[in-house]
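Here's a walk through one model, from the overall fold down to single side chains. Have a look at it first.

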Amino acid sequence: PTGSMTSTGRKNGAARGSAESPCSRRDSGNSGNDVTNLTHTLQRKHLTNALTLIPSPRLLHRMTITMQPLIETIIASRLQSRTLATLRDTLLPKLLSGELGAAS
């Protein structure tokens with residue numbers, strides 16, 4: 001991202017929710033990065049110093065409209081998968097043992 005951060009954590013010239021920046025940035029006051037490598041232990045100060053993107057209400061609403069049908073489809077597919085797995089686990093042993101015929 002380009003632009004400097006203001007004391008409120010917003011880029012200069014970018015209002016919250018503007019066309020230039022649909023998200024505002026929240027800065028805890030320290031722009032340095034305390035985590036220098038992946039093996040470093042995460043500490044509370046790292047979370048305190050982290051920048052957080054806060055989507056505008058308009059962007060959040062648009063994202064909800066886009067994602068909600070996808071999430072509902074994922075949930076329905078997982079439920080159907082569980083049901084089918086249960087049926088498979090119930091019927092397959094009976095089919096293999098001959099207790100249940102394929103024509104049944």
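## Contacts and fold

Take the contacts in the protein chain with a separation of 6 or more: residues 24 or more positions apart account for 42% of them. A contact here is a pair of heavy atoms within 4.5 Å. This is a predicted model, where local features need pLDDT of at least 70, side-chain atom pairs count only at pLDDT 80 or more, and totals for chains, interfaces and linings use all residues. Residues are numbered from 1 along each chain as its sequence is written, and side-chain values use heavy atoms, with hydrogens and water left out.

The protein chain has 2 helices and 2 strands, and along the sequence they come in the pattern β-α-β-α. These elements are DSSP runs numbered from the N terminus: helices are H or I with at least four residues, strands are E with at least two.

The predictor's confidence in each residue is its pLDDT, on a scale from 0 to 100. The average for the protein chain is 74, and 59% of the residues score at least 70. Helix H2 comes out highest, at a mean of 97, while strand E1 (residues 23-26) is lowest, at 55.

Two stretches call for caution. Over residues 1-20 the pLDDT is below 50, though this stretch has 31 contacts in the model beyond near neighbours in sequence. Residues 30-35 are also below 50, with 7 such contacts. Where pLDDT is low, the predicted coordinates should not be read in detail.

## Surface and burial

How much of the protein chain counts as buried? Of its 104 residues, 9% do. The cut-offs go by relative accessible area with a 1.4 Å probe and protein chains only: buried is under 20%, exposed is over 50%, and partly exposed is in between.

The areas come from the Shrake-Rupley method with a 1.4 Å probe, and for residues only the protein chains shown count as cover.

## A nonpolar patch

Which residues make up the nonpolar patch on the surface? They are Met-63, Met-67, Leu-70, Ile-71, Ile-75 and Leu-79, with about 540 Å² of accessible area together. To join a patch, a residue needs over 30% relative accessible area and no salt bridge; nonpolar side chains (Val, Leu, Ile, Met, Phe, Trp, Tyr) are joined within 5 Å, like charges within 9 Å.

Leu-79 belongs to helix H2, which covers residues 57-97. Its relative accessibility is 47%, so Leu-79 counts as partly exposed.

Thr-73 is another H2 residue, partly exposed at 49% relative accessibility. A polar atom of its side chain sits 2.9 Å from the backbone oxygen of Pro-69.

Further along, Asp-89, also in H2, forms a salt bridge with Arg-88, the closest N and O atoms being 2.9 Å apart. The rule asks for a side-chain nitrogen of Lys or Arg within 4 Å of a carboxyl oxygen of Asp or Glu, and the count by it comes to 1. Side chains of opposite charge can pair when their charged atoms come close. Both partners are partly exposed: Asp-89 has a relative accessible area of 48%, and Arg-88 is at 49%.

Leaving aside residues up to four places away in sequence, Lys-94 touches Glu-99 and Leu-100.

Terms used. Polar contact = N/O pair within 3.5 Å; in protein donor to acceptor, adjacent residues only side chain to side chain.
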